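Let's walk through this structure together, one contact at a time.

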There are 2 protein chains.
Amino acid sequence: MPARGDHDARRRDVSAAVWRVLAAHGFDGLTLRAVATEMGSSTGLLTHYFPNKRALVAYALDLAEERTLEGRIKPSGRGLAALRELLADIVPISDVAVEMNRVWVSSWDAALADADLGERETRRYERFRTLRLRPFVEEAVELGELPADTDADDVATMLAAFAHGLVVQVLFDPDRYPPERQLALLDRMLTALSA
Amino acid sequence: MPARGDHDARRRDVSAAVWRVLAAHGFDGLTLRAVATEMGSSTGLLTHYFPNKRALVAYALDLAEERTLEGRIKPSGRGLAALRELLADIVPISDVAVEMNRVWVSSWDAALADADLGERETRRYERFRTLRLRPFVEEAVELGELPADTDADDVATMLAAFAHGLVVQVLFDPDRYPPERQLALLDRMLTALSA
């Protein structure tokens with residue numbers, strides 16, 4: 001029986017290889033063969049972890065979720081300032097954020113094609129809106145930064161929509177949207193909502 | 001040599017089968033085998049059209065573009081009213097729009113994984129912002145519906161971002177976003193920008 005340390009080290013190797021494949025080629029390029037090549041191992045060894053393509057895709061989604069949670073910031077500001085921090089941390093203004101977004105955007109194809117994986121993405125969106133964004137929308141209303149009749153769910157949806165739609169445009173045209181322009185657009189959006 | 005009519009009829013059959021596969025399974029499920037099954041033909045016959053997976057993906061993107069152009073509306077209103085018509089025609093408030101969006105969102109994985117296909121999506125986005133949206137943003141400024149110092153490129157980007165980010169949330173959670181709520185969010189967005 002292998003030592004626990006060996007098992008964990010192997011798992012880290014597999015995760016690192018899966019992530020490199022995702023960052024470079026998206027879910028479209030995620031195959032046992034590509035992961036094996038990254039690890040310098042055989043596909044046979046990997047079938048122990050991933051009996052089929054779906055298991056590999058599900059693992060990759062877990063990994064993306066894990067890395068997203070690890071990298072999550074805790075806003076230092078309140079209300080709109082906190083929302084700005086949260087959204088600035090999402091849009092692709094750094095190499096890490098480009099890689100993360102590239103993985104998430106490419107995951108939508110696989111998630112839309114599979115009821116269970118799709119349900120998981122649905123719940124993830126829900127948590128993002130209601131647990132990450134909405135509390136700060138409500139705080140912004142309390143602070144008088146947003147109109148008193150603001151529907152917090154609507155504004156959370158609009159901010160999530162704006163951020164993710166901007167992500168897609170930036171991934172396809174990074175030269176047109178350098179970090180300072182992305183942040184200026186984010187400010188413009190928050191200002192518009194507060195009017 | 002087959003008659004021209006036969007050739008066109010066969011091409012229509014292939015296109016219809018590719019579209020049914022895309023609408024049901026996205027680019028993730030787009031394989032020669034799946035298209036052949038839809039057509040009740042052999043994969044051997046299809047390799048005449050598509051020598052490899054990339055040729056099939058490129059064809060599918062052409063087809064999506066063609067159907068998008070065919071379905072395009074000409075706004076009857078001006079300024080913000082025209083922008084509302086254009087965006088209401090994009091968001092998934094009808095079965096046809098759900099299908100079209102499902103195909104486009106799933107195409108991003110393949111397009112991000114291939115430099116040429118990615119470049120095509122970049123240009124498509126550019127045309128959407130500058131040829132479809134921006135003229136009406138500029139008209140809205142002229143009509144006094146948007147502030148005189150509005151940056152038309154920024155607003156076109158924000159509207160494209162909002163619409164496409166909303167599309168993704170709706171595809172994963174259609175029950176939460178019935179058509180009337182999508183349109184209300186769109187109105188809220190246009191109102192916010194005009195303040």
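Domain bounds here come from an automatic or database domain assignment. For chain A, that assignment gives domain 1 (4-65) and domain 2 (73-194). Before going on: this is a predicted model, where local features need pLDDT of at least 70, side-chain atom pairs count only at pLDDT 80 or more, and totals for chains, interfaces and linings use all residues. Residues are numbered from 1 along each chain as its sequence is written, chains are lettered from A and ligands numbered from 1 in the order in which they are written, and side-chain values use heavy atoms, with hydrogens and water left out.

So how do the two domains of chain A meet? Their centres, taken over C-alpha atoms, are 28 Å apart. Five salt bridges link domain 1 and domain 2 of chain A; a salt bridge is a side-chain nitrogen of Lys or Arg within 4 Å of a carboxyl oxygen of Asp or Glu. You can look for the one between A:Asp114 and A:Arg54, at 2.6 Å from N to O.

Now turn to the two chains. Chain A and chain B bury about 4,000 Å² between them, 61% of it on carbon and sulfur atoms. Buried area is the accessible area (1.4 Å probe) that two parts lose on being put together, summed over both. A:Asp109, A:Leu112 and A:Phe172 supply 20% of what chain A buries against chain B, more than any other three residues. Six salt bridges join the chains, and A:Glu126 forms one with B:Arg176 (2.8 Å, N to O).
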